[in-house]
Amino acid sequence: MTGTTEPTIVIVPGMREHVEDHWQTILAKGLGDAGRTVRVVPPLVRNRLSRDAHVANVVEVMAQITGPVLIVAHSAGVMTTMQWAQWHDADVRGALLAAPPDFETPLPDGYPAPDELATHGWTPMPRKPLPFPSIVAASSNDPLGSLERVAELARDWGSRLVEVGPVGHLNPASGHGPWPQAEELVEALEHGWCGTAPRPAS
């Protein structure tokens, strides 16, 4: 169990396996090296398309934490966080929601089709406002979700929208790697600076 006045950072990845050079992996290591308590929701080995399995994974990690948390989610991890927040409660001080995919619009080849996502419980996507502060980091050229659609989601969720430039899906396949702005956004959430947009990524 974890007891601290600082929130535990909970990293919620998408449907990917562990990727060493993903910015979430780098962020978790950097925060841990700085003395922060970090918990990473582990990737699923089975039922990778199951919404319920992903949400149960988050529930299991949250149950091991005492005290406040701050969520850092990416891609499908954003949708997992949204689904979890509809039915579960915790002392969440804030959430960084990076590059949420638009599961209600057909995704590029190689990604699950709309009927697969619906069958596994991902759609319709939650639209209720979140009960905690949040920042949606949106790419201007994300192949998994247009800026217009992501901005619409941010409005529905009551999130602060931060446009981070043309960074693709903000993953190693699009050249990220390290994403230093993540630390700025985490700090903004921790200090209640959601109304101040940090500078776009270069």
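Mentor: Start with one term: a contact means heavy atoms within 4.5 Å. Keep in mind that this is a predicted model. Among contacts in the protein chain between residues at least 6 apart in sequence, 74% join residues at least 24 apart.

Now the layout. The protein chain has 6 helices and 6 strands. Along the sequence they follow the pattern β-α-β-α-β-α-β-α-β-α-β-α. The radius of gyration is 15 Å, close to the 17 Å that the globule rule gives for 202 residues, so the chain is as compact as a globular protein of that length. Along its principal axes, the C-alpha trace spans about 45 × 35 × 35 Å. Of the 202 residues, 50% are buried.

Next, the core itself. In soluble globular proteins, nonpolar side chains tend to be buried together. Here the largest nonpolar core holds 36 residues. Val 10, Ile 71, Trp 84, Leu 97, Phe 103 and Trp 157 have the most contacts inside it. Which elements build this core? At least two residues each come from strands S1 (8-12), S3 (69-74), S4 (92-98) and S5 (134-138). Helices H2 (51-62), H3 (76-87) and H5 (147-157) also supply at least two residues each. H3 gives the most, with 6 residues.

Zoom in on Leu 97. Leaving aside residues up to four places away in sequence, Leu 97 touches Ala 73, Val 78, Thr 81 and Met 82, among others. Its list of partners also includes Leu 130, Ser 134, Ile 135, Val 136 and Ala 137. Trp 157 and Ser 159 are on that list too.

Now turn to helix H1 (residues 23-33). Its buried residues are Trp 23, Gln 24, Thr 25, Leu 27, Ala 28 and Leu 31. They pack against S1, S3 and S4. They also pack against strand S2 (38-40) and helix H6 (181-190). Just after H1, Gly 35 takes a positive phi of about 95 degrees.

The accessible surface of the chain comes to about 9,400 Å². Carbon and sulfur atoms account for 53% of it. Among the side chains, 14 are positive and 23 are negative. The centres of these two sets lie 3 Å apart.

Definitions and conventions. Residues numbered from 1 in each chain as written. Predicted model: local features only at pLDDT ≥ 70, side-chain atom pairs only at ≥ 80, totals over all residues. Heavy atoms only, no water. Helix = DSSP H or I, 4+ residues; strand = E, 2+ residues; numbered from the N terminus. Rg over C-alpha atoms; globule rule 2.2 N^0.38 Å. Buried < 20%, exposed > 50% of the residue type's maximum accessible area, 1.4 Å probe, protein only. Areas by Shrake-Rupley, 256 points an atom, 1.4 Å probe, with all protein chains shown as cover. Lys, Arg positive; Asp, Glu negative; His and termini not counted. Charge placed at Lys NZ, Arg CZ, Asp CG, Glu CD. Core = buried A, V, L, I, M, F, W, Y, C linked by side-chain atoms within 4.5 Å.
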